[in-house]
Amino acid sequence: MQAVAGRMLDVETGKTIEDALVAFDEERIVYAGAREGYPLGEDTQVWDAGSGTILPGFIDCHAHLTGEEDAGEFGSGKLFGDQLIGAVHQLGLILQSGFTGIRDMSEAGLYLSRGVERGAIQGPRIVPGGRVMGITSGHVDLAPEMSKAEINAHDHLSYLIDGPDDCVRGVREQFRMGAKFIKICATGGVSSPTDRIDDVQFSPEELRAIVGEAKRHHSYVTAHCTGYEGAYQALLAGVECIEHGVMLTPREVELMAKNDVPLVSTLEISLHVANIPGFPDWMHKKALQCRENSLRSVALCREAGIRIALGTDYSNSKNTSYLTLGREFLAMEEAGMTRLEAVRAGTLYAAQVMRVQDLGVLKEGYLSDIVVCDGDPLESLECISDAKHIRFVAAGGRVVKNLLKEKTDSAVAR
Ligand SMILES: [Zn+2]
């Protein structure tokens, strides 16, 4: 058994315990609370959190593991095998930054989730959604020079579906590969060359076909939504989670509140996408519409009490490093969320969006995903924004990063 001693944030109550202890085994947290009075066995190793804070491992609810940029280090970067190795490398960086869970939308995530689960590779726990599905000419139709058949046969991120029958087949195809949920694009987006960001991309019949099929697999559908009309149509069809939600209006937010639909906001990208250098002109023009609208959406959701979960939308390490995934916490504060709300978004609510039980809180019986940062996130979120501030990471009970000193003061520990 191992334990970490020091300041702990209970993300459920929002209370900080200054002199706390979190004891854990290879799978579960055995104790989390005031250190006083908890009897430690002789064989328990106790790590000193120092001036840092003990937190639940962070979760990124919107990732696209492609490995593309890092594949260059391991080969041509063009072959999927190399990209997979690049993605394995990225999993290591993600752990270093304190993220012990990701909800992924890509083909690679399907294989990697199984690799992590079996212990064959080290990484955060992954809930895979398989390839992102959209219409021909829509948000994931990123290569108009290729035919739909070619994209569906060879792409590792996108999957094109048109018409209710094709939609049902596409959903089944993702489940066949091991997807645990279904991700669709209900509207256009910034990076797609042949649509507008407020295009509605599936007909109501198609949306109903997708949602119905996912439900028959005891699963659910989440929808990429930039424009509001597509978000509204998706919500009407029974989509259970909204990604980005850039242009939400009171009408959609009311429906989200009524159906308890969470928002996975991806604010680091939504607020700053217009500043990323090197975009072609058409992409830059689309990007300019994101910041103000996102700020408004987040304000509306907060007012309505909608659960906001953390997502980064990272897909490569060209513009952003996986070591700074935690910058999303800073973006949340920039968008008006309190620091506690931001931490909850990356732990408590993210675990709910992952639909993994007993995760996202430091509590007896919960899974041993534990992080220690080098400051107090309620004072400043800087201390969880970058891997360099993360001192300790246990993922699934396995300590994968530890810069803490062992506590030898037995009078205090025992
Ligand atoms: Zn995305």
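A polar contact is a pair of N or O atoms within 3.5 Å; within protein, one must be able to donate a hydrogen and the other to accept it. The close-ups below come from a predicted model.

**View 1. Y31 reaches the backbone of A34.** A polar atom of the Y31 side chain lies 2.5 Å from the backbone oxygen of A34. Y31 is found in strand 3, which covers residues 29–34. Leaving aside residues up to four places away in sequence, Y31 touches L21, V22, A23 and Y38. I17 is 14 residues from Y31 along the chain. The C-alpha atoms of Y31 and I17 are separated by 14 Å.

**View 2. Three residues hold the zinc ion.** The zinc ion is coordinated by H62, H64 and D313. Both histidines use their NE2 atoms, and D313 uses OD. The distances run from 2.1 to 2.2 Å. In sequence, the spacing of the donor residues is H-x1-H-x248-D. H64 and D313 link distant parts of the chain, 249 residues apart. H64 sits in the loop between strand 5 (58–63) and helix 1 (68–74). D313 sits in the loop between strand 14 (308–310) and helix 12 (327–334). H64 is buried, with a relative accessible area of 8%. D313 has 22% relative accessibility, so D313 counts as partly exposed.

**View 3. Two domains meet.** The domain assignment gives domain 1 as 2–56 + 365–413 and domain 2 as 58–354. Their C-alpha centres lie 31 Å apart. At the interface, 28 residues of domain 1 are in contact with 22 residues of domain 2. Between them the two domains bury about 2200 Å². Carbon and sulfur atoms carry 64% of that area. V11, L381 and I384 supply 26% of the area that domain 1 buries against domain 2.

**View 4. Polar links cross the domain interface.** Between domain 1 and domain 2 the count is 1 salt bridge. There are 10 residue pairs in polar contact across this interface.

**View 5. R125 pairs with D369.** The side chains of R125 and D369 meet in a salt bridge. The N to O distance is 2.9 Å.

**View 6. V11 is buried in a loop.** V11 lies in the loop between strand 1 (2–10) and strand 2 (15–24). Its relative accessibility is 1%, so V11 counts as buried. V11 touches P56, V343, R344, T347, L348, G360 and V361, not counting residues up to four places away in sequence. L340 is 329 residues from V11 along the chain. Yet the C-alpha atoms of V11 and L340 are separated by 7.6 Å.

**View 7. E213 makes a polar contact with R172.** The contact joins the two side chains at 2.8 Å. E213 has its place in helix 6, residues 204–216. At 3% relative accessibility, E213 counts as buried. E213 touches V168, V171, R172 and F175, with residues up to four places away in sequence not counted.

**View 8. E229 and R251 bridge two helices.** Their side chains meet in a salt bridge, 2.8 Å from N to O. The pair links distant parts of the chain, 22 residues apart. E229 belongs to helix 7 (residues 228–237), and R251 belongs to helix 8 (residues 250–259). E229 is partly exposed, with a relative accessible area of 27%. R251 is also partly exposed, at 35%.

**View 9. D281 and K285 pair along one helix.** The side chains of D281 and K285 meet in a salt bridge, 3.4 Å from N to O. They are 4 residues apart in helix 10 (residues 281–287), so about one helical turn separates them. Both D281 and K285 are exposed. Elsewhere, salt bridges that share partners join K148, D162, D166 and R169 into one network.

**View 10. R28 meets E27.** The side chains of R28 and E27 form a salt bridge, 3.5 Å from N to O. R28 counts as partly exposed at 27% relative accessibility. E27 counts as partly exposed at 46%. A search of the whole structure finds 25 salt bridges.

Conventions
Residues numbered from 1 in each chain as written. Predicted model: local features only at pLDDT ≥ 70, side-chain atom pairs only at ≥ 80, totals over all residues. Heavy atoms only, no water. Donors = N, O, S within 2.8 Å, 3.2 Å for Na, K, Ca; no water. Buried < 20%, exposed > 50% of the residue type's maximum accessible area, 1.4 Å probe, protein only. Domains from an automatic or database assignment. Contact = heavy atoms within 4.5 Å. Buried area = accessible area lost by both parts, 1.4 Å probe. Salt bridge = Lys/Arg side-chain N within 4 Å of Asp/Glu carboxyl O.
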